[in-house]
Amino acid sequence: MKKFLIFTLVIALSGASFNSCKKDKGDPPALPPAASMLIDFSNFDTGKKSGADILVPKGTLTSNWEYAASVAFIWNSIIYINLAVPVMAFQLAGDYTPSYVSDKTWQWSYSATVLGVSYKARLTGQIRTNDVKWEMYITREGTGGFSEFLWFDGTSKLDGTGGQWMLNLSPQSKVPVLQIDWTKTGSSVAMIKFTYIKTGDPFKDSYIEYGLATTALNAYYNIHYYNATTQQFYDLNVEWSTTLHNGRVKSPLYFGNTDWYCWDGNYLNITCP
């Protein structure tokens with residue numbers, strides 16, 4: 001009888017220990033929203049413009065919109081062309097179930113096809129005292145392949161209301177190129193800011209900030225960028241309606257004053273109200 005009681009006690013303690021370890025794992029951290037790496041450029045899709053069109057002739061029928069669109073195109077190119085693989089791979093993470101690794105760290109492992117090329121992605125999220133630490137590793141096999149590469153890392157607040165990403169340029173050039181800061185209000189990303197941080201590049205310290213507002217012109221860009229043609233930094237503010245598509249732009253160095261320059265829902269120049 002005594003042996004039976006001891007055996008039962010051992011089993012009970014073992015079970016308690018197992019449940020305690022299992023409980024210590026807790027739940028995996030919530031993934032930051034995919035929108036924390038995206039900026040909406042849909043209202044400024046030029047279809048044909050390039051960085052060379054940055055000095056749009058003033059006074060043409062759509063010059064106000066075209067100037068804003070041309071500057072937005074530069075950033076759209078940087079984000080899409082250079083960062084398509086890590087950004088698209090991250091967007092797929094939410095489709096997979098993470099596994100517990102150790103030390104409050106969870107891991108998402110999966111395959112991703114980006115622009116017709118297959119990659120392997122490994123995203124880790126470590127819950128820390130004040131935030132969550134994220135690391136995204138990408139591998140490509142076959143022609144043009146590369147071994148596992150830390151393409152970006154970052155942190156997010158424990159309550160999911162904001163964070164920061166740091167992205168490296170490529171497996172061939174493992175240098176920081178972009179810093180992304182973002183905040184979230186409710187279920188939506190309220191503000192996202194891309195800052196170009198590649199050392200030695202004239203474009204360094206250029207940035208674009210995108211956000212939403214509750215005014216009639218409910219979206220905005222604040223942009224600071226290096227113009228290679230004039231070899232100067234320009235600042236511009238852009239505001240527009242995501243539904244009606246009308247908007248306005250202000251750029252003291254470009255226009256020579258601090259006035260707003262407006263366009264209507266067809267992107268035609270108008271006198272600002």
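Which residues does Leu 212 touch, not counting residues up to four places away in sequence? The answer is given in the first of the legends below, which describe close-up views of a predicted model.

Figure 1. Leu 212 belongs to strand β9, which covers residues 207-212. When residues up to four places away in sequence are not counted, Leu 212 touches Val 189, Ala 190, Asn 218, Ala 219 and Tyr 220. The relative accessible area of Leu 212 is 43%, so this residue is classed as partly exposed: the value lies between the 20% limit for buried residues and the 50% limit for exposed ones. Glu 239 is 27 residues away from Leu 212 along the chain, and the C-alpha atoms of the two residues are separated by 9.6 Å.

**Figure 2. Pairing and hairpin of strands β2 and β3.** Strand β2 (residues 105-114) pairs with β3 in the antiparallel sense, and the pairing comprises 10 bridges. Ser 111 has Lys 120 in β3 as its bridge partner. Two residues lie between the strands in the hairpin of β2 and β3, where Leu 115 takes a positive phi near 55°.

Figure 3. Strand β4 spans residues 131-140; seven of its 10 residues are buried, so the strand is largely enclosed by the rest of the structure. Eight bridges connect β4 with strand β3 (residues 117-127), and this pairing is antiparallel. The hairpin that joins β3 to β4 passes through three residues. Along this pairing, Gln 126 stands opposite Lys 133 in β4, and Arg 122 has Tyr 137 in β4 as its bridge partner. Strand β4 also runs antiparallel to strand β5 (residues 146-157), to which nine bridges join it. Arg 140 stands opposite Phe 146 in β5. The hairpin of β4 and β5 has five residues between the strands, and Gly 142 in this hairpin takes a positive phi near 80°.

Figure 4. A search of the whole structure finds 26 aromatic pairs. The ring centres of Trp 108 and Trp 134 are 5.7 Å apart and the planes meet at 45°, so this pair is tilted. Trp 108 lies in strand β2 and Trp 134 in strand β4, so the pair ties together parts that are 26 residues apart in sequence. Both Trp 108 and Trp 134 are buried. Tyr 119 and Phe 146 form a tilted aromatic pair with 6.3 Å from centre to centre and 40° between the planes. This pair links distant parts of the chain, with Tyr 119 in strand β3 and Phe 146 in strand β5, 27 residues apart. Tyr 119 is buried, as is Phe 146.

**Figure 5. Charged groups over aromatic rings.** Arg 122 lies over the face of Tyr 137, at 4.4 Å from the ring centre.

Figure 6. With residues up to four places away in sequence not counted, Tyr 221 touches residues including Ile 39, Phe 41, Phe 44, Ala 72, Ile 208, Tyr 210, Leu 236, Val 238 and Trp 240. Ring pairs link Phe 41, Phe 44, Trp 65, Tyr 210, Tyr 221, Trp 240, Trp 263 and Tyr 267 into a cluster.

**Figure 7. The chain as context for the close-up views.** The chain contains three helices and 14 strands. Of its 273 residues, 40% are buried. Among contacts in the chain with a separation of 6 or more, 37% are between residues 24 or more positions apart. The chain exposes about 14600 Å², of which carbon and sulfur atoms supply 55%.

Note on methods:
Residues are numbered from 1 along each chain as its sequence is written. This is a predicted model: local features need pLDDT of at least 70, side-chain atom pairs count only at pLDDT 80 or more; totals for chains, interfaces and linings use all residues. Side-chain values use heavy atoms; hydrogens and water are left out. Buried means under 20% relative accessible area, exposed over 50%, partly exposed in between (1.4 Å probe, protein chains only). Helices (H or I, at least four residues) and strands (E, at least two) are DSSP runs, numbered from the N terminus. Two strands pair if DSSP finds at least two bridges between them. Contact means heavy atoms within 4.5 Å. Rings of Phe, Tyr and Trp (its six-membered ring) pair if their centres lie within 6.5 Å; planes under 30 degrees apart count as stacked, over 60 as edge-to-face and the rest as tilted. A charge sits over a ring if NZ of Lys or CZ of Arg is within 6 Å of the ring centre and within 35 degrees of the ring normal. Accessible areas come from the Shrake-Rupley method with a 1.4 Å probe; for residues, only the protein chains shown count as cover.
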